[in-house]
Amino acid sequence: MPLNQDAPSNPDKVLYPQDAFRKQDVFDYYRSVSEPLLAHARDKPVTLRRFPDGIDAGGFFQKEASSHFPDWIPRASVPQRGGGSPVHHVLLDSEDALLYLADQACLEFHIALSTVEDLERPVLAVLDVDPPEDTDIAELRTVVRGLCRLFTDSGFAPHLQATGGKGFHIAGPLDGELGFEEVRSQMRDLAERAAHDDPDRLTTEQRKNKRGDRIFLDINRNAYGQTMIAPYSLRARSGAPAATPLDLDELGRVHPRSYGLANMARRLAQKSDPWRDLH
């Protein structure tokens with residue numbers, strides 16, 4: 001049975017050295033965002049990114065649930081394409097599970113685009129707007145606005161997320177009737193249309209050395225077994241930014257790393273989750 005846990009083990013262990021954020025800070029953060037995070041992660045296989053010795057020491061991605069994880073944390077058996085043994089992903093179904101994993105130094109939670117009900121049919125389509133590091137924020141915002149309009153014109157309801165990294169995600173909710181190949185094809189057509197109309201700023205080129213200083217429109221998350229960063233997940237970056245769902249009218253005043261451990265609780269106290277109507 002889960003335990004009501006008020007503090008992590010080794011609470012003073014520093015996980016973000018440049019900011020002096022401790023495991024206790026991470027633990028408290030995840031408790032503060034548990035309701036909206038769980039709403040978006042529930043029933044989706046989760047890939048963990050853990051940093052036992054802090055972000056400067058390097059971390060690792062983990063798909064298979066550790067054998068020492070308690071039995072009350074649910075797992076989903078996910079078949080591998082091409083055969084082989086299935087992977088047993090963690091499912092986030094409770095605040096207790098989320099806090100247990102925070103205590104395991106899991107800083108990032110990455111979720112599948114489909115649910116355990118039907119792993120082959122996504123419930124989200126996602127376009128990752130991935131700019132070079134030195135892209136002007138005003139230019140990036142202009143591009144994202146245009147892509148949101150294109151989403152709408154293509155029949156998707158655009159939902160915007162600051163990634164906590166370099167760029168933004170634009171997600172469109174799906175009814176779960178199409179398979180990954182069909183959804184990926186739709187996203188490819190959308191991205192190629194955008195790049196065709198603005199070839200000096202946008203590209204769908206997979207090879208980094210061919211992109212130049214253009215913004216990469218990445219559709220690769222729209223595939224079986226791929227993931228996106230969960231809404232409200234922290235990122236393993238200086239400042240402890242977090243993936244943050246946004247209203248479209250907020251775009252003109254935010255940066256991909258505007259919110260995170262230091263200010264997300266205040267944001268949620270003042271504003272309800274912009275993705276609350278996602279499905």
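Helix axes are lines fitted to C-alpha atoms over the stretch in contact, and angles between them run from 0 to 180 degrees between N-to-C directions. The structure treated here is a predicted model.

**Exercise 1.** Classify the packing of helix α4 against helix α5 by the angle between their axes.

Solution. 
Step 1. Two packed helices are described by the angle between their axes and the distance between the axes.
Step 2. Helix α4 covers residues 137-153 and helix α5 residues 180-197; their axes cross at roughly 135 degrees and come within 11 Å.
Step 3. Angles over 145 degrees count as roughly antiparallel, and 65 to 115 as roughly perpendicular.

**Exercise 2.** Locate the largest nonpolar core relative to domain 1 and domain 2.

Solution. 
Step 1. This core holds 51 residues, and Y16, Y29, Y30, L92, L101 and F109 have the most contacts inside it.
Step 2. Elements giving two or more residues to the core include α1 (23-32), β7 (106-112) and β8 (124-130). Helix α3 provides the largest share, 6 residues.
Step 3. Domain 1 (14-118 + 225-240) and domain 2 (124-218) both contribute residues, so the core lies between them.

**Exercise 3.** List the contacts of Y29 beyond its neighbours within four places in sequence.

Solution. 
With those neighbours set aside, Y29 is in contact with Y232, L234, A242, G260, L261 and M264.
A second, separate core has 29 residues, among them L127, C148, F156 and A191.

How values were computed: Residues are numbered from 1 along each chain as its sequence is written. This is a predicted model: local features need pLDDT of at least 70, side-chain atom pairs count only at pLDDT 80 or more; totals for chains, interfaces and linings use all residues. Side-chain values use heavy atoms; hydrogens and water are left out. A nonpolar core is a set of buried Ala, Val, Leu, Ile, Met, Phe, Trp, Tyr and Cys residues joined through side-chain atoms within 4.5 Å. Buried means under 20% relative accessible area, exposed over 50%, partly exposed in between (1.4 Å probe, protein chains only). Helices (H or I, at least four residues) and strands (E, at least two) are DSSP runs, numbered from the N terminus. Domain bounds come from an automatic or database domain assignment. Contact means heavy atoms within 4.5 Å. Angles under 35 degrees count as roughly parallel, over 145 as roughly antiparallel, 65 to 115 as roughly perpendicular and the rest as oblique.
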